[in-house]
Amino acid sequence: MKKLLSSVALACGLLGLTAAAQAGKSITYTMYADTTAMGPVMIGANSYSGQIALSFESDTHFAHLAKENGVYVYRNDTGTASITISGGGTTVTAHIRPGQVYVRYDQVNGDLGFGSTAGGIYYPLTISCNQCYGYDGITSALADIAAYPADESAYPGNIMSYATELQGPAYLTGVLAVSATTPPAINTDLGPMIIGGPNAPGNGKAIFMARIN
Amino acid sequence: MSAFTASCRNLAAGTLALVCSLTASATPVTYSAWTVADITLGANHYKHAEIHFSLTGDTNDLSAFDTGVVPDGQEGCGWQIQKGIVSVRIVAGTKTITAHLRPGQVSVAHDSCNLGAGFVGYFPDGLQPGYPLVIDGGSVPYSNGGGVALGQPGFQAAPNYLGSNLTWSGHAWSCINFPPEQLWYDAYTTGASTAGLGKCGDPSAYPLHTDKGDLIVYQNLYYMPSEFNGAVPAGEVLYDDYGGSLNDGFFAAALGAPAAGGE
């Protein structure tokens, strides 16, 4: 399951990055989740419930390939992040202080979303497959195929087109990782923010989207 | 969610027993569900577009349902609302299109026996419990209403989650003949022909009528692994009524009058 991307795929990815770096475009990455699964979002002294939209505005110029623990992953570390929680007819948006969160996609291990300097690659909001079989979502399907290429026949014929290098429009789905310990706070303009933790119910599904602005 | 099928078939047949009604005061409410899908509206086709359904109604119109145990051993139970104004908003790139559905085509239901919630459609040949958009599993809450069949001593209605603010996530289904893999297994195990089973049906035969033309939603993201140690090849049958969909979505209820311009 933890198989390296093929050299062909990697070469294609590097070529893609090179081409994109020459003409950067404004891009917004957004992860959608719900507090029923993650537990309420604490910002300052307030607790918020509803749909979570964690967004990261950047430029495709900053997306890059990195090797982490022997696996190639796509990352974008440069941008402006914010979180919006909408529920019960009310909406609150907090702006995350710069330099704390990043966007990361590890196709091999089926990890996709937002990591942070404080909480690591799975926090504050990341899709992560447990067994990397298709039924968890698109992210798991792509991890399944990375490990067992023959499994591609179980999925729609265009499934590989959903893989992203964080360079353009993207749509992926999957299961949210939940922190086993109390996560660290991330600083926002409305106060310290904490999402989830060991008491989160879990079982949440998520949507990750990238949009060219 | 096979029991959801059963429950909705009973709904369509008019045999559903409404077991209780709300005593709380009426409150405006908006139910919504969204995902990303391929969509046809009128003469236009949108690939990978956001589709947001909403029903604006009143909690006083919520009603409980429970099918009891149906012949396949399953049960459907929960709450539903059939009265309200239903609209759909499609976001395709920078373009946003809003259409209003003609009355009587769609209701909102939460089948807590089967962890499903969303917008279910009524068609001339019956109700489609997985179409146009139902959110399944994930954080959708489960309750079997006490596990006692309708009409039996000790029967309990499922909790009325739809009477409060909520947001749930799960696999998104826009599937005609949901859950199709159950039909396939039933046929397979009896030796009957499985031709045409195991996959969602053609949604173009089930248009929803709106003021912007007919609406069709496609289930293009699926998982069909090989079955029975390879006896059935991959690509033939949906995995099951949860994991058969690779797509995700959200369902929400918001009490209070909808905001101007909101869903």
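User: What conventions apply here?

Analyst: The model is predicted: local features need pLDDT of at least 70, side-chain atom pairs count only at pLDDT 80 or more, and totals for chains, interfaces and linings use all residues. Residues are numbered from 1 along each chain as its sequence is written, while chains are lettered from A and ligands numbered from 1 in the order in which they are written.

User: How many helices and strands are in chain A?

Analyst: Helices (H or I, at least four residues) and strands (E, at least two) are DSSP runs, numbered from the N terminus. Chain A has three helices and 15 strands.

User: Is Ile194(A) buried or exposed, and why?

Analyst: Buried takes 20 or more other C-beta atoms within 10 Å of the residue's own; exposed takes 12 or fewer; partly exposed is in between, with C-beta atoms placed from the backbone. Ile194(A) is buried because it has 20 C-beta neighbours inside 10 Å. Ile194(A) sits in strand β14 (residues 191-195) of chain A. Across chain A, buried residues are 51% of the 213.

User: Which residues does Ile194(A) contact, leaving aside neighbours within four places in sequence?

Analyst: Contact means C-beta atoms, placed from the backbone, within 7 Å. On that basis Ile194(A) touches Met42(A), Pro183(A) and Ala185(A).

User: How many residues form the contact between chains A and B?

Analyst: Chain A gives 28 residues and chain B gives 31 residues. Elements giving two or more residues on the chain A side include β1 (26-34) and α3 (138-147).

Methods: Contact = placed C-beta atoms within 7 Å.
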